[in-house]
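Below is a short briefing on one protein model, grouped by topic. Please have the sequence and the structure open while reading.

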Amino acid sequence: MTDVTSSKSTRHPHHWRHDLIELAALFTAVVVADTIAKTIAKGPEGPYLLVFSAIALVATATFHTWWARRRSHASHAPPAGDPGGRPALVPGARPEPGAPEEPRTEEESGRAAGTALWRMRTTVADSPGSLAALCTVLARLDVDILTLQTHPLADGTVDEFLLRAPADLSARALAHEVAAAGGRDTWTERADAHDLVDTPTRVLGLATRTALDAAELPLALRQLLGRCTLHSVPAVSLTGRPTGEQAPVEGVLEETVMRLRDPHGGTLVVERPYLPFTPTEFARARALVELDARLGPRLPRGRDVLTLPEGNEITVRRADQRDLAAARAMHDRCSARTLGLRYHGPVGDADRYLDHLLSPRFGRTLAVQTASGRLVALGHLLWDGDETEVALMVEDDWQRRGIGSELLGRLVAMAEEAGCDSVYAVTQSSNTGMVAAMRALNLPLDYQIEEGTLVITARLASERRPDARTRQHGESRPAER
């Protein structure tokens, strides 16, 4: 689109005086030419006058060309104060469309590239101007505030920031400056691009995952509250005896321990030793638990049909407590040796574990069924505090067909998606099938024997973001998963 105003301003106004001067110059030139012609024709010095006129004409033309170029340069000279010839910019004005960008200096380019993302939480007094003083200090340190959340408390306000800071600004220096501005109990952690998602969007995403799969609730709570340990304490033990666990009082926080009522009975205990919980975090966690309770039992509908080497078709799908009867029937068909290798204890206690293993509170379960619908194998991915266990059991008649390896590979993939660092399996050295399946993962393995029991730990390929937790005055804290 053409700028009409600027195009009009480039036109030169037409004056009648210019035409009068040009007309007078034309008459004068005619008179001079006639006089010279008569002189050359009648006088003896005519040839000399002709040569002199030619020299004068050349000099005049040269002077006119030089003068025209000088005026042209003067009319296009840069404004005063800009020796580089670039147009002066008014503060706050935008450059003209299509104009070349100003080249960045090395210092400006390094400042844009040499930054780091930090999550910071600090407590300030609940008084006017306390947050302003903190923001002033961050601005003086050339720190950009990307997001800010406030958690009101009885004795102050917890402010949680996502910051973009210069790369050379250490956590110790940041905590020291924040303390000087009135912040206390300051905690910092390195962040990454995933933290740029705003909190409402992240909570909605976790709620969606929880709505689609009941086993997602423990993982959603971990991602919502940061690196924490989640324990599900049932109201009744595996042996059928009451555990004595009473329902927690809603809204009461124990610094770094949060207790939530489990709608299925018992208590969900969340521990985060490095950072106290706030009432806002408790309200968000309780909302996820209530959503899970209202939706009831649910599993993803996906299932895969596989063909074994001998031609039999099997179906691999998710399972939960609604498959309890089929799982017990499979136990009845298994030999005492198979049950002993799986549960490492009295065979009579095997059925008592099924209800616990199939609960989505404790992990995820994969089931293998035949074309006729009979359950012939189970694979469990169990949340053990801040660790993850894998366990397999295949019915005797279906062993040595690759079913265990197929289940184990799928369980490890689910653990990687959940962000786990490693998985471990508890077995016996005589269980060659389990040992071979762990080796077939092609992952680094660690072996440990405890009282005749073999524990194999596989370190997963997924990399977690680095930990850099510090508290006020730069005190280091141990890493938490």
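Which residue stands opposite Leu163 in strand 3? That residue is Trp118. The model is predicted, so local features need pLDDT of at least 70 and side-chain atom pairs count only at pLDDT 80 or more, while totals for chains, interfaces and linings use all residues. Residues are numbered from 1 along each chain as its sequence is written, and side-chain values use heavy atoms, with hydrogens and water left out.

- Helices (H or I, at least four residues) and strands (E, at least two) are DSSP runs, numbered from the N terminus.
- Strand 1 (residues 115–124) pairs with strand 3 in the antiparallel sense over 10 bridges; two strands pair if DSSP finds at least two bridges between them.
- Strand 2 (residues 144–153) is also antiparallel to strand 3, over nine bridges.
- A hairpin of two residues connects strand 2 to strand 3, and Leu153 stands opposite Gly156 in strand 3.

- Three strands form an open sheet in the order 5-7-6, with antiparallel pairing.
- Its edge strands, each pairing on one side only, are strand 5 (229–233) and strand 6 (257–261).
- Strand 6 is joined by five bridges to strand 7 (residues 267–271), where Leu268 stands opposite Leu260.
- Helix 8 packs on the sheet and touches strand 5, strand 6 and strand 7 (contact means heavy atoms within 4.5 Å).
- The direction of helix 8 makes about 35 degrees with that of strand 7; axes are lines fitted to C-alpha atoms, for helices over the stretch in contact, and angles run from 0 to 180 degrees between N-to-C directions.
- Helix 9 (residues 279–295) packs on the sheet as well, touching strand 6 and strand 7.
- In helix 8 (residues 217–225), eight of the nine residues are buried, and Gly226 just after it has a positive phi of about 90 degrees.

**Nonpolar cores**

- The largest nonpolar core has 36 residues; such a core is a set of buried Ala, Val, Leu, Ile, Met, Phe, Trp, Tyr and Cys residues joined through side-chain atoms within 4.5 Å.
- Helix 13 gives the most to this core, with seven residues.
- Apart from this core lies another, of 18 residues, including Leu206, Leu260, Phe282 and Leu288.

Key. Buried < 20%, exposed > 50% of the residue type's maximum accessible area, 1.4 Å probe, protein only.
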